[in-house]
Amino acid sequence: MSNSSRDKIRVRFAPSPTGKVHIGNIRTAIFNYLFARNAGGEFIIRVEDTDLERSTQDAIDKLFECMEWLGLDYDGELFYQSKHAEKHIAAAEELISKKRAYRPKQKVAGEKVPVLFRIPWDTDNNPLVQVVGDVEIVVHSEEEITISSSGISYAQVSKKRKPIPTAAALAGFHHLKIVDADENILFDLDDKIEAILENNESFSVTGAAKFAFERREVFFEDIIKGRLAKPLDTMKDLVIVRSDGSPVFHLANVIDDATQEVTHIIRGDDHVENTYRHLFIFQALEKEAPQYGHMPMIVNHQGKPLSKRDGDAFVGDFRDKGFLASALFNYLAFLGWSPGDEREKMSKNELIEAFSIERVLSSPAKFDGAKLANINGHYIAELATANFAEKIANFAKETERVEFTNWAESNSDQFCKVAELMQMRTKMLSDIDSWGYFYNSTIKYNEKDLKKTIKPELIPLLENLKAKLTNLASFADMEIDKALRETETESDLPEGRLNRPFRVVITGSGSGADLVTSAAIIGKDKVIARLENICKGA
RNA sequence: GUCCCCAUCGUCUAGAGGCCUAGGACACCAGGUUUUCAUCCUGGUAACAGGGGUUCGAAUCCCCUUGGGGAUGCCA
């Protein structure tokens, strides 16, 4: 398979549509995407919907919505794993005929049995396997040991001397000698291996004290983590076809990766242990295995993997909360990776340009919403004003903020002014929820600010201000400012003293955007009405 | 239990044996700019998990300990 079709890098994103797309999954997609695009390779999608019971069309739709939102464009035709089940089953049959897989004996006649892949016994010249050395492990002497072609079952000894049932594939126990407490050899695997493998015989041993054998390990070079290895005596034969005839993930995954000629697999850390098995399956099928890279997971503030419990771990939720796709993309790319210089804010194209798999870290990263919000603020700040206005208008519409949408559409002049005024201080699109004072006839007062700021002795001044504002011919920034200053002067107040009270009166809160501009945008009628309301109520 | 992986400020990270008195960013604190608010600017607090080696020299290499995570499904 070393033809030209393999010269081109091809990676895949292989989500299983059993729920909403998780932030961790989409980060994996982003890294794959960046890797492929950086190398001028292909980024393809495979929908792993073999678990028909839990897969839903809705989840698939949401997935593509999120990918489009983030700008994760993919190559080629969509590949639905469920449509290739025949190929998977055929591969299983091929493995059986090659004696690389088997069906276990039925316990009762007519019982449906699965197909197991055999961890290969003959590993003498296997490039995947290396000899580690001779080892001994202690076994619990009261438990019976059984040895058959499907593996060895025995019991390890816990600290409290209790038996811990353990099963392992035969392959891990070359030159196994089972001995009792007096070092008498109870069983020598070298003598029996042919009978076990060829004639399917099985043996049992009692009263054993320990195993002595040559440990071998399966290993591979991970493009992120370096050399990774696992002792064969800790591996078990694995189910590749269920008793009901459906193919299992391990089989389907390998077959599809071979079919789609995937060259590199970048996936979560949690798949490391699967990789050893997948490598064996590729080998048994005589297919070229891809390169693997395992990236660290993202964890929450407690250091636990992000889960559904964290609530905000769904990609769509980030959009609904008012994050920009570009900001999320940027932030996620920097979780477990950095360009090595001091850049922090990078566009998709800059990320593609700078990405290198070697710079991916292998330690897990905590998700920090505050930093995301900060980045988001920067992205919002640099939007052209018109673009910002359009974004929030769309956001309001998509998230069904009806009042806001009605206002924005019927008062587009005012809306544009507000957008221009508020852009610099907007961290998330959902901040528009606090813009109500610009257009609502009644406003909510922050009780604390109100109490602290509006003292009874200020009421006459506000009355005075109201009178001045009422007489204003043009309700413009400068005029409002002048009225404010005059009111202060007439009462011997220092300049600016009335700013905060006035702000609380017209916006309901002690902090906000530029005061007189805000007042001008809110408009004469509403400002006067709010002044009146406060003066009356006090 | 067993196997595997990981370990630098609170967080994301820079760091490839001497450029490290450990750099940047977020967060936090203080000051300045702003007649108000925010932005912004300046400054500050803050880390190599612990212990052994190797070396003239260790955040960096090795070992152990500790802590965290993952795997151990007829889920993916």
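**Exercise 1. Find how confident the predictor is in chain A.**

Solution. Start with pLDDT, the predictor's confidence in each residue, from 0 to 100. Chain A averages a pLDDT of 90, and 98% of its residues score at least 70. Next come the model scores: ipTM is 0.94 and pTM is 0.92. This is a predicted model, in which local features need pLDDT of at least 70 and side-chain atom pairs count only at pLDDT 80 or more, while totals for chains, interfaces and linings use all residues. Residues are numbered from 1 along each chain as its sequence is written, chains are lettered from A and ligands numbered from 1 in the order in which they are written, and side-chain values use heavy atoms, leaving out hydrogens and water.

**Exercise 2. Describe the make-up and spread of chain A.**

Solution. Count the elements: chain A has 20 helices and 19 strands. These are DSSP runs numbered from the N terminus, helices being H or I with at least four residues and strands E with at least two. Now look at the spread. The radius of gyration, taken over C-alpha atoms, is set against a globule rule of 2.2 Å times the number of residues to the power 0.38. For 538 residues the rule gives 24 Å, and chain A is well over that at 34 Å, so it is more spread out than a compact globule. Along the principal axes, the C-alpha atoms fill a box of roughly 110 × 55 × 50 Å.

**Exercise 3. Work out how helices H12 and H13 meet.**

Solution. Locate H12 at residues 402-410 and H13 at residues 412-422; their axes come within 5 Å and cross at roughly 110 degrees. Axes are lines fitted to C-alpha atoms, for helices over the stretch in contact, with angles from 0 to 180 degrees between N-to-C directions. Angles under 35 degrees count as roughly parallel, over 145 as roughly antiparallel, 65 to 115 as roughly perpendicular and the rest as oblique. H12 and H13 are therefore roughly perpendicular to each other. Contact means heavy atoms within 4.5 Å. Residues making it include Phe 404 and Trp 407 of H12 and Phe 415 and Val 418 of H13.

**Exercise 4. Trace the sheet that holds strand S4.**

Solution. Read the order: three strands, S4-S5-S15, form an open sheet with antiparallel pairing. Strands S4 (101-102) and S15 (238-241) stand at the edges, each with a single partner strand, so one side of each is left without a neighbour in the sheet. Two strands pair if DSSP finds at least two bridges between them. S4 and S5 (residues 115-117) have two bridges, and Ala 101 has Phe 117 as its bridge partner in S5.
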